[in-house]
Number of protein chains: 2
Amino acid sequence: MSQVFAITMGDAAGIGPEIIAKAYAMAPELMHGCFVVGDRATLLQATRRLDCPTALPVALIENAQEVLILPPRCLPVLHIQELEGLVPYGQINAKSGRLAARCVVWAAQAALRGEIAGLITAPIHKQALAQAGSPFSGFAGHTELLQAEAARFLNISAADLPVRMMLANDELRVVLVSIHVALKQAIDSLNVPGVFKTIQIAHESLSRLLKRAPHIAVAGLNPHAGEGGQFGLEEINILLPAIAAARAQGIWVSEPIAPDTVFMRARSSPVRKGEFDVVIAMYHDQGLIPVKYLGVEKGFNMTLGLPLLRTSPDHGTAFDIAGLGQADPSSLIEAVRMARQYAPS
Amino acid sequence: MSQVFAITMGDAAGIGPEIIAKAYAMAPELMHGCFVVGDRATLLQATRRLDCPTALPVALIENAQEVLILPPRCLPVLHIQELEGLVPYGQINAKSGRLAARCVVWAAQAALRGEIAGLITAPIHKQALAQAGSPFSGFAGHTELLQAEAARFLNISAADLPVRMMLANDELRVVLVSIHVALKQAIDSLNVPGVFKTIQIAHESLSRLLKRAPHIAVAGLNPHAGEGGQFGLEEINILLPAIAAARAQGIWVSEPIAPDTVFMRARSSPVRKGEFDVVIAMYHDQGLIPVKYLGVEKGFNMTLGLPLLRTSPDHGTAFDIAGLGQADPSSLIEAVRMARQYAPS
């Protein structure tokens, strides 16, 4: 597999094109070997709006491998589909939703066929995707689009391809049992197979990424991990059986650990290596609060459980600042850096 | 009110006496003007076990004011009650539970009478307290003991004296709506008066402590603070009415903010002042995960809502390492430092 990476442009009305152009301008060595899947005119506009002493030329390419023979300090674009004119910034637009989805599908297929080592996705807008029309409107977001492509490639149903989100930065990795549901619903839907599958996906993915078996911590659901059943029974009835099942497969996994200390213990700092390679978080904010605490620009997301490597920045389209030149490319740069680090060589 | 502070010894079988002795040895200037309410023999043993080049003498005092005429580099003890021999380390013991409770009650009464500026409580063991006999067994912990003494002093019922926990470090302050209950129960018992009262207590306490009206952030309960009701309705049905009621009293308080970004935004770092003075957290771990993330030794607790100043380290009795010389006094030292900083002068 060649070490080229595709960056999907994201929603043209959001900050995606801007942060991509900034990343190429600010980190040319890191970005060399990456190309953008997107719309030529939109990306050209983004490069022209850069506040840079030297211009960043846009180089059209026809296939992924071409990027390797390009010089650095240009922005290679694999042009997917012409928009009918540029879309306005900061507005939900079916056309830009549709183009964003097409770019993701193109990159997923290229990754599944082994033509690229992985993909980095700039943000899409969920409502623009919902307006994008068939076959894209039915997908909630990136994860579902990628899951469907991978399932089609493997000739299985998407339901047989469970995925989990990993959020990480230099200090901490967390994998979430559930994501965008009400907290009460996250608790009500917590069950042994779901926790077990999360541990298993984290184990398989991190074994491949780290090239050794990871040490996995399981966060409790309740204060003090339930304190022996005093503050909730989910640790006893759900987490311990899931942990036992994972251990029976030879997976290194902790007991349920008090949520308020497990992230601190797992954290690696410049002066101290963390005790665990990853923490399984029982709900969205349990994992995201510590990952984001030190600054959102340092984090990135990775989708685990798919037969392809995908990372993304941990922010959205930011319609409120799109086109203003204020968007920060740090998280995108981190997502590219991590895709390179985690790619099989 | 005199600027003397009482430190209650905590459970003699835990690390309380050890961290107190270490604090006096390591931070003599900070500790000058503080005395320990406890048992002479237990504290003498703790000082003798110190790994220090010079001995730390124990000085018995009869009343709080005496501490001001003592030289630094000694450990002043106001002796409350002789234990019948020292208690063994690391074991639940009714006698040490009883003594620990008596020390807390003594210090609470001294603070309520204005004889001391505040109290710093070393950890007690809940099960030892439960075995301590009448009148202490009925109290769940420090907070309940202090609440009862204050209510008696004010001649009101304890139910009319709602208190809240504040956890803080140099970077972040959080005040918790609920503490030691199952997460599901914390959600089920969330209501408008409880959230409103938490905001109000935070406002009153921090106005006094900071000598200006604080900027209060309210964390949402659900991912993305519910995203307009998509992921849960508690923000709309509970948090917004509580916020409206607080604003009607002139309190500066935010809308419900996404839990995964509010703590990051409130955090003050050496290079950036936080956007808020305090965050109202909807449940135990929502607040404790970010406060503890950077290291438990930097944090401290404060009880808000009482007519006395009380801080404490944010760890427990640590029976597993009691007597081994390994206990870290940093959080106790921070609790003393903060009591001094927050005390009315």
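A salt bridge, for this tour, is a side-chain nitrogen of Lys or Arg within 4 Å of a carboxyl oxygen of Asp or Glu. For a case of it, select Arg73(B) and Glu29(B), whose side chains meet in a salt bridge at 3.7 Å, N to O. This pair links distant parts of the chain, 44 residues apart: Arg73(B) is in the loop between β3 (58-61) and β4 (75-79) of chain B, and Glu29(B) is in helix α2 (residues 28-31) of chain B. Helices (H or I, at least four residues) and strands (E, at least two) are DSSP runs, numbered from the N terminus. Over all chains, the structure holds 26 salt bridges.

Before you go on, some ground rules. This is a predicted model, in which local features need pLDDT of at least 70 and side-chain atom pairs count only at pLDDT 80 or more, while totals for chains, interfaces and linings use all residues. Residues are numbered from 1 along each chain as its sequence is written, chains are lettered from A and ligands numbered from 1 in the order in which they are written, and side-chain values use heavy atoms, with hydrogens and water left out.

**Stop 1: the two copies**

Show both chains. Chain B can be laid on chain A with an RMSD of 0.1 Å by a turn of 179° and a shift of 0.0 Å along the axis, superposing by least squares on the C-alpha atoms of residues with pLDDT of at least 70 in both. The two copies are thus related as by a two-fold rotation axis. Now pick Pro290(B): of the residues of chain B, its C-alpha comes closest to the rotation axis, at 3.0 Å.

**Stop 2: the interface**

One to zoom in on joins the side chains of Asp188(A) and Lys184(B), at 2.8 Å, N to O.

**Stop 3: an aromatic pair**

Rings of Phe, Tyr and Trp (its six-membered ring) pair if their centres lie within 6.5 Å; planes under 30 degrees apart count as stacked, over 60 as edge-to-face and the rest as tilted. The count comes to 5 aromatic pairs over all chains. Phe35(A) and Trp106(A) make an edge-to-face pair, 6.1 Å centre to centre with 85° between the planes. Phe35(A) sits in strand β2 (residues 34-38) and Trp106(A) in helix α4 (residues 94-112) of chain A, 71 residues apart.

**Stop 4: backbone details**

Move to Ser134(A) and Pro135(A), joined by a cis peptide bond with omega about 0°. Pro135(A) lies in the loop between α5 (126-130) and α6 (142-154) of chain A. In chain B, a cis peptide bond joins Ser134(B) and Pro135(B).

Finish at Asn155(A), in the loop between α6 and β6 (164-168) of chain A. Phi of Asn155(A) is near 60°, a positive value in a residue other than glycine.
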